[in-house]
Amino acid sequence: MTHSLCVSNADKVYRIDAPRPVRGTAFHSIQADDTASVVCDDASVTSIGGATDAEVSFDATGCTVVPGFVDPHTHLPFYGWRADEDAARLTGVRYESIHAEEGGIFRSVRMLAEASDDEALDFSERLARAMLASGTTTFETKSGYGLSVDAELRQLRLARTLAERVPQRVVTTCLAAHAVPRDYTQGEWIGRAANELLPRAAEEGLASACDLYVESIAFALEHAARLAQAASELGLRMRVHADQLVDNQTASFAARWGFATADHLNHSSLDAIGDVAGSDTCAVLLPGATFTLRQAKKPEARAMIDAGAALALGTDLNPGTSPIHSVPFVIALACRIYGLRPVEALVAATANAAFALGLDDGTGTITAGGPADLVVIHAPDFESVVYRPDHDWIAAVVCAGELVHVAPWAEGRVTR
Ligand code: NIG
Ligand code: FE
C-alpha cells in the first residue's frame, strides 16, 4: 500500500533543479516556484504543482519549502561536551595548546571510550533528533575519536546503529587519521590505518569514505597520499580537513589528487581555490568552526563561487571546534561571516552538500522520483532565515515521505 503525503499551497518551493554540483553563475539561476504543492508517495516525490488528495496533507500557506538539509560534515557519534575548553579559549588559550595537553580530541577519545554503547548512542541520537527538528534529513557521521583500530571500528559500528535509530539517511566516513595516537609516530599510525583499519572498515561496509586531518598538530600531505592510495584500492572516497588553522597547501593537493572533498579551507590561497574550482573536489565550508574558534581568517568564499568551485556547507558538529547542530544557523553564519548570499548558502547546504557525500539520486533537491525530504519554513521567502538567525522558522520536516516533525503551533495545518 502506498503512503501519500501532500505539502500544499506553499508560497514558494525551491526545487534546485540545476545540474549538480551547482557552480558559478548557476547559483544565481536558482529560483523558487510560486504557490506550489509537493506530492510524495512513500519515500519519493511524485509531483510538484497542483495539490492532489493524499492520506496526509500539510497546509503550507505562507511558507517556503526547500529540500531537506544535507549536513556533509559532522563528527557524530561522540559522547560529552567540552564547554570548559571553550571558556578557556575565550580567555585566549589556543586550540593547539589544549590539544598538546591531551585535552581536545584526546579528551573526546577518553569520554567515548568510557561511555557504554548505549550511553554514546542515546547522547548522539538526541543530537540527531535536534538536527531533524532543524531540518537536517541527511547527515554524515565519522570516526576519529577512537585512535586505535578497535576503537575506530567501534565508533563506526555505533554510527551504523545510530543510523538505524533515526529517520535520516546517514553516510559514514572513516576519519582514519585525526590525532596521532600515543605510542605511535605519524608514519606508524598511517601504516596501521592504511593496512588494517581501512580494509576492515571497508570489508564490514562501515564507511564509504576516508578522511584525515592535515595540520601541524596532526598529519602531513605524505600521509594524505598514503591514505588516498589505500582508499582508492578499497573503493572509498577521499576527504580531508584542509588548511583550517594554517595554509599547508592541502586544498590544492586534494584537487590534484582527485579527492571528493576538501573541508574548512580558511587559509587556502587564491591559487589553491583555482585548483579546486578546476576539479571535481567539493569545497566544504564549515563556518561553525570559524565562529567558535573566533578565527579572523575566513575562507575566500566569494572567490570560490566566482572561480566556479563546487561549494557546500556543513555544521562540523563536534564537541571541540563546532558545537553547532543547526544547518539554518550555519547558513546564517555563512552569509554573515563568509559573504554568501542566502540562496547560494541554501544550494550549498542541500544539492551541493549531497554532491559532497556522493549522493546522486536527487538528494538535496525536490525532483520527481527523488527522495521525499522537505523542510517547510514559516516565512514567505528563504532570506528571512538569514535575516533572523535565532528564530525557529521550521513549521514541518518531511523525511523519506514521513511527516517527522511538526512545530506545536502548526499541528492545526495537518490533515490525516
Ligand atoms: O573539524 N579539526 C579537527 N577535527 C575537528 C575538531 C575535533 C575536536 O576538537 O574534537 C574539526 O574542527
Ligand atoms: Fe571536522
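This is a predicted model: local features need pLDDT of at least 70, side-chain atom pairs count only at pLDDT 80 or more; totals for chains, interfaces and linings use all residues.
Student: Which residues have the most contacts inside the largest nonpolar core?

Tutor: A nonpolar core is a set of buried Ala, Val, Leu, Ile, Met, Phe, Trp, Tyr and Cys residues joined through side-chain atoms within 4.5 Å, where buried means under 20% relative accessible area (1.4 Å probe, protein chains only). Here the largest one has 108 residues, and L212, L227, L313, I331 and L340 have the most contacts inside it.

Student: What is I331 in contact with, leaving aside its neighbours within four places in sequence?

Tutor: Contact means heavy atoms within 4.5 Å. For I331 the list includes F69, L313 and F382. A second, separate core of 25 residues includes L5 and F58.

Student: Which polar side-chain atoms lie by an oxygen atom of ligand 1, and at what distance?

Tutor: A polar contact here is a pair of N or O atoms within 3.5 Å. One such atom of D316 lies 2.9 Å from a ligand oxygen, and one of H264 lies 3.1 Å from a ligand oxygen.

Tutor: As for the conventions, residues are numbered from 1 along each chain as its sequence is written. Side-chain values use heavy atoms, leaving out hydrogens and water.

Note on methods. Chains are lettered from A and ligands numbered from 1 in the order in which they are written. Buried means under 20% relative accessible area, exposed over 50%, partly exposed in between (1.4 Å probe, protein chains only). A polar contact is a pair of N or O atoms within 3.5 Å; within protein, one must be able to donate a hydrogen and the other to accept it, and residues adjacent in sequence count only if both atoms are side-chain atoms.
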